[in-house]
Amino acid sequence: MEKERCLLVAVQVADQEENDMEELGLLVETAGGEVVSSIIQNRQSIDTRFYAGRGKIEEIANYVKELDIDTIVFNDELSGSQIRNIEEIVEAKVIDRTNLILDIFAKRALTKEGQLQVELAQLKYSLPRLIGVNKNLSRLGGGIGTRGPGEQKLETDRRRIKERISDIQNQLEELEKVRETKRKKRMKDQVPVVSIVGYTNAGKSTLLNALMDNEYKDESESKKVFAHDMLFATLDTEHRRVKLPGGRRAVFSDTVGFIKKLPTQIIEAFKGTLEEIKYADLIIHLIDINDENLTAHKETTSRLIEKITGSDIPVLTVYNKVDKILNEKTSVLNNGIIYISAKHKYRIDELLEAVDRKINGPKNFYDLIIPNDRLKTYYWLYENRKTDNVKFDGDGVSLRALLYESEKEEYKSYMGESNG
Ligand SMILES: Nc1nc2c(ncn2[C@@H]2O[C@H](COP(=O)(O)OP(=O)(O)OP(=O)(O)O)[C@@H](O)[C@H]2O)c(=O)[nH]1
Ligand SMILES: [Mg+2]
């Protein structure tokens, strides 16, 4: 099938964040379109009727003919009347940023819950835009025969959409209960949750997979999640259990990526998925160190984390894809910040060590002597903590064990004088 030929259009308002046309282009490509050209229009403010101003839209109408454009993609959310006004002038389909992101989400949603969430967002996007169709109808025909039926149909459409919205909301509530049950189970098991959060394409899923390789070695394939060089590869939340260096476990979760101007319809519809991070004990904010817009993307992510969690949860900032810059900037790597390469599994152990420390506090080696009637304790330590210097003699076993300081008390009776 031929790709849709797309023209990208943005309005740059002086005191607002710079439009990232490259990112918009990536979104278009992810949605299956081809970027033919892109236009940025500087303005004092957004034009309420034509977004970019009537003159500019007329100019664009000429480009559309010249370049044989199928679709114009605007880098903001447009109102129904803006879309209608623009479509009156240009001979091309008009799509806005929200529409585009919703389209990608619709393609990428794999689970029942993901699909319902996307549909909900799409319906909420379309509901206020139905008015446009109606006015359009009366503009075309007007008078007898068009107006009445048009409005009636619009009413039925609206009613149907509202019914479907509440139907979906009910289904999502049910799924939310399932999610809550799982969450409660994790809390009961007292396994802390570490949420990997970041801008789309930062490498979150790749990191989760790297952790699986660490944990399961040969049988890790079955535990892998989908990671790919595309925006919004992941739309669902996945949880995986991982052993931390000190022996305690944590559940790592990977979730939907963030992006600038993430449509509010998406934030609302994906509330359940996004709010999972509210229950995390620690958030890993993963950043692509090669990202040309690192600062802006970092801010976008931080803002969304704060919006969702209320900034109660500790955040560990981690820079990924360090393999790409390793040669030039190696000296940067010793300043206490965590740099990893999820793809090349570089410094994953350091990351896990930092996570362990954040969640469980410091650890120390202790010399223990465990009598024969408590060998169960030894076996437990052997399985669950780092142990060495193990020596059995007639009375029991002596060993060195790496314990969390917080659990030191439990082993006090096995410690000699030498342990601090
Ligand atoms: N060079 C390099 N590439 C990486 C690294 N980590 C991830 N990538 C690549 O970056 C791309 C995106 O990785 P994902 O793991 O899918 O990113 P994500 O953050 O899960 O993205 P979304 O799910 O789309 O939000 C893939 O092509 C990965 O192979 C890394 O450490 N080094
Ligand atoms: Mg992902």
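Predicted model: local features only at pLDDT ≥ 70, side-chain atom pairs only at ≥ 80, totals over all residues.
1. Confidence. The mean pLDDT of the protein chain is 87, and 90% of its residues reach 70 or more. The stretch to treat separately is residues 132-147, where pLDDT stays under 50. For this stretch the model has 17 contacts beyond four places in sequence.

2. Overall form. The protein chain holds 14 helices and 13 strands. Its radius of gyration is 28 Å, whereas the globule rule gives 22 Å for 420 residues, so the chain is more spread out than a compact globule. The C-alpha trace spans about 105 × 50 × 40 Å along its principal axes.

3. Burial and contacts. Of the 420 residues in the protein chain, 32% are buried. Considering contacts between residues at least 6 apart in sequence, 68% of them join residues at least 24 apart.

4. The six-stranded sheet. Six strands form an open sheet in the order E6-E7-E5-E8-E9-E10, and the pairing is mixed. Its edges are E6 and strand E10 (338-339), each of which pairs on one side only.

5. Parallel pairs of E5. Strand E5 (residues 193-198) runs parallel to strand E7 (residues 249-254), with four bridges between them. In this pair Val194 stands opposite Phe252 in E7. E5 is also joined to strand E8 (residues 282-288), again in parallel, by five bridges. Here Val197 faces His285 in E8 as its opposite residue.

6. Strand E6 (residues 238-243) pairs with E7 in the antiparallel sense over six bridges.

7. Met212. Helix H8 also holds Met212. Is Met212 buried or exposed? Met212 has 21 other C-beta atoms within 10 Å and is therefore buried, the cut-off being 20 or more. Asp229 is 17 residues from Met212 along the chain, and the C-alpha atoms of the two are separated by 19 Å.

8. Positive phi at Asp68. Most residues other than glycine have a negative phi. Asp68 is not a glycine, yet has a positive phi of about 55°. The residue lies in the loop between helix H2 (54-66) and strand E3 (71-74). Asp68 counts as exposed because it has 10 C-beta neighbours inside 10 Å, where 12 or fewer is the limit.

9. Positive phi at Lys261. Lys261, another residue other than glycine, has a positive phi near 50°. Where does Lys261 lie? Its place is in the loop between E7 and helix H9 (264-269). With 15 other C-beta atoms within 10 Å, Lys261 is partly exposed.

10. The E12-E13 hairpin. Strand E12 (residues 387-393) is hardly covered, as the count of buried residues among its seven residues is zero. A hairpin joins E12 to E13 through two residues. Strand E13 (residues 396-404) runs antiparallel to E12, and five bridges join the two. Within this pair Asp388 stands opposite Arg400 in E13.

Notes
Residues numbered from 1 in each chain as written. Chains lettered and ligands numbered in written order. Rg over C-alpha atoms; globule rule 2.2 N^0.38 Å. Contact = placed C-beta atoms within 7 Å. Pairing = 2+ DSSP bridges. pLDDT = per-residue confidence, 0-100.
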